[in-house]
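Have a look at the structure, then read on.

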Amino acid sequence: MQAEASFFTLLPDEKHQLQLERLQSTLNRAYRHVPYHANQLNALGIEPADIATLADLQRLPFMERADFSEHYPYDLFAVPLRDIVRIHTAPGTTRNPTVSGYTAQDREHWRHMLSRAMRAAGITPHDILQVSLNPGLANWGRDYKDGAESLGASVIPNTQLSIEKQLMVLRDYKTTALITTPAMAGHLARHMTDSGMGPAALSLKTLIICGESIAPDLRKTIEQELHVRSWVHYGLSEVPGPAVAFECESHDGLHINEDHFLPEIVDPETGAPLPEGSAGELVLTTLTTRAFPLIRFRTGDRARILKTACPCGNTLARLQWYPERMDNIMNIDGVNVHGDQVHYHLENMLSLSKEAISLRVARREGRKLLEVFIRMNDTIFSDEIKELEKLLRRAEARLRENLGVPAAIRLIESASM
Amino acid sequence: MLRIRNLKCFYGRIMAIKGISLSVAAGEITCLIGANGSGKSTLLSAVCGLLPDWTGGIELEGQSIKGLDPPALVRRGISLVPEGRLIFPPLSVMDNLKLGAYTRYKKRAANAIEADLESMMSMFPILRERFRQPAGTLSGGEQQMLAIARALMARPRLLLLDEPSMGLAPMIVEKIMEVLEVLRSGGLTIVLVEQNALAALEAADRGYVLETGAVVLQGAADELLADKDVKRAYLGKDYGDFYDAG
């Protein structure tokens, strides 16, 4: 990890050289070992050797979520399966989930990145760190646990608990740092107030917020209610993982792990690169990943890159992350849910066309859930109200299982859509 | 110290190096490993000025070396220990060493050269014993020591070695790697090209893995030593040990 440790101290020119070297070898590996990448380049008559600068990356085609589904399960892996030590699954865009793999070295890099991000939030081996993420972010739960353990913190891993139990653990185990989503943090804060427990009952001092960007006023309220300082992490629930970018003590943008990822900002409509400092869609290319390289992956997230020096002294560029999405993906407590996938499951189970369904993200008891409105029609209409009810509950369970988020289906009359 | 960007080397119309970028930090041993024909030696030839037909950028301490001939590069501080040693067999060990300082004689540095001869012989005591012997009568390991000492006589700041372990017994290889580590701790920057990946990675700080003219992997030497791909391809692990799902 010698090169890793010294990355911060590199001059801009040296940083550029290191990124170029890593980009070129990533392209060489992807081109040689993954037919999908070879075809993508060949179709444009480009060879990896043609990418001579970081800017040349713009000549390469984008990778999108649909590509993951299409090459399900292992066709985007750049190493033999024998080298894979972990396989993660996340909901995809349609029928197939997104499957990503990690080599031992990839895992090592993630541990390193996560402990870097947590160290920036002031987490030390003295902390008792509790991870509380919803089932759709179970992969992140594992990553955070590994990163915090390598830092030497005492970790309470992610487990599905009721809000009462969460709070009990938080209080009795003297948790000092909590990693969770904005919705869950808000839910905890409200529950504490409702149950008459003051923040003084907790030992909590650090809150790491991940999964979604958080509105400044909500953040302030949560910080006040829980008596904590908070740090935001940016990541992707499918690939590559959590804490791609993280806040430092200056809380002015999120430092991107530029030694592992090359960020670009493009116009979401045309895909054209935008001038430095503009807001647009964030595109990521992996620089060190062995098993599952991403080349110009469109994240669908809206962001801006700040290259000015950060008062904290960290030389990694910063990301300003906006809540809006650039695609038809809904962020439900950090889990990316693709509208097409919801349609796929409902069509499959209830033979419903896209037009008969509308979707929205709703809130229930402080947590977000996927709300599906179905216009009543003859196909699913049954005289037996019980039968209909059963069918809808089964459909909800299927959505929950496949998407990793709570779902509620409501029937409405045709006229109200 | 040395920075290469998008180096492409040609033998006629054949592109032997297909856009390699790499960097060598001062005071480190950087190794290039890869199979036969992966372009390792071609890359060294370009850096030493022995191969004129290349494009891209090679910078030594921030300055391009494009167009410089080998003597000029030696004066700039680059010295090569070529593959197969290439000592002068009929000449004595002493004369071989003095030839290494060829570019310095013009600068009337005779006294300094004498002092360097002395320090070479303290570093490689065997050369003192064989001082007046024709170099061709030395054993393979001794010849390799002589080739390294000869390169050092030019007082390089960047020492390039092309397959120094070739044809030598493991014990001798170990000795040579020890010498390189001593030189590194004295502040010398070293680029080591090796097919013997294990020996090279054990001595090196960082490494690059070359495959048919391109870099497919780079990183800290210990990271590469632990890498399954590297183990499979270059560290002599039986391919049958691995199940290839592809």
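Is R85(B) buried or exposed? R85(B) counts as buried, because it has 23 C-beta neighbours inside 10 Å; a residue is buried if 20 or more other C-beta atoms lie within 10 Å of its own, exposed if 12 or fewer, and partly exposed in between, with C-beta atoms placed from the backbone.

This is a predicted model, in which local features need pLDDT of at least 70, side-chain atom pairs count only at pLDDT 80 or more, and totals for chains, interfaces and linings use all residues. Residues are numbered from 1 along each chain as its sequence is written, while chains are lettered from A and ligands numbered from 1 in the order in which they are written.

**Backbone geometry**

Most residues other than glycine have a negative phi, and most peptide bonds are trans.

| Residue | Phi | Place |

Helices (H or I, at least four residues) and strands (E, at least two) are DSSP runs, numbered from the N terminus. K174(A) counts as exposed because it has 12 C-beta neighbours inside 10 Å.

Chain A also has cis peptide bonds. One runs from Y72(A) to P73(A), with omega near -10 degrees, and P73(A) sits in the loop between α4 (65–70) and β1 (84–90). Another joins V239(A) and P240(A), with omega about -5 degrees; P240(A) is in the loop between β7 (229–234) and β8 (245–247).

**Where the parts meet**

Between the chains, 20 residues of chain A are in contact with 26 residues of chain B, contact being C-beta atoms, placed from the backbone, within 7 Å. Helix α2(A) gives the most to the chain A side, with seven residues. That side has ten nonpolar, six polar and four charged residues (Ala, Val, Leu, Ile, Met, Phe, Trp, Tyr, Cys and Pro count as nonpolar, Asp, Glu, Lys and Arg as charged, and the others, Gly among them, as polar).

Chain A itself is divided into domain 1 (1–326) and domain 2 (335–416), with bounds from an automatic or database domain assignment. Their C-alpha centres lie 30 Å apart. Here 16 residues of domain 1 are in contact with 15 of domain 2, and helix α8 (residues 182–194) supplies the largest share of the domain 1 side, four residues.

How values were computed. Two residues are in contact if their C-beta atoms, placed from the backbone, lie within 7 Å.
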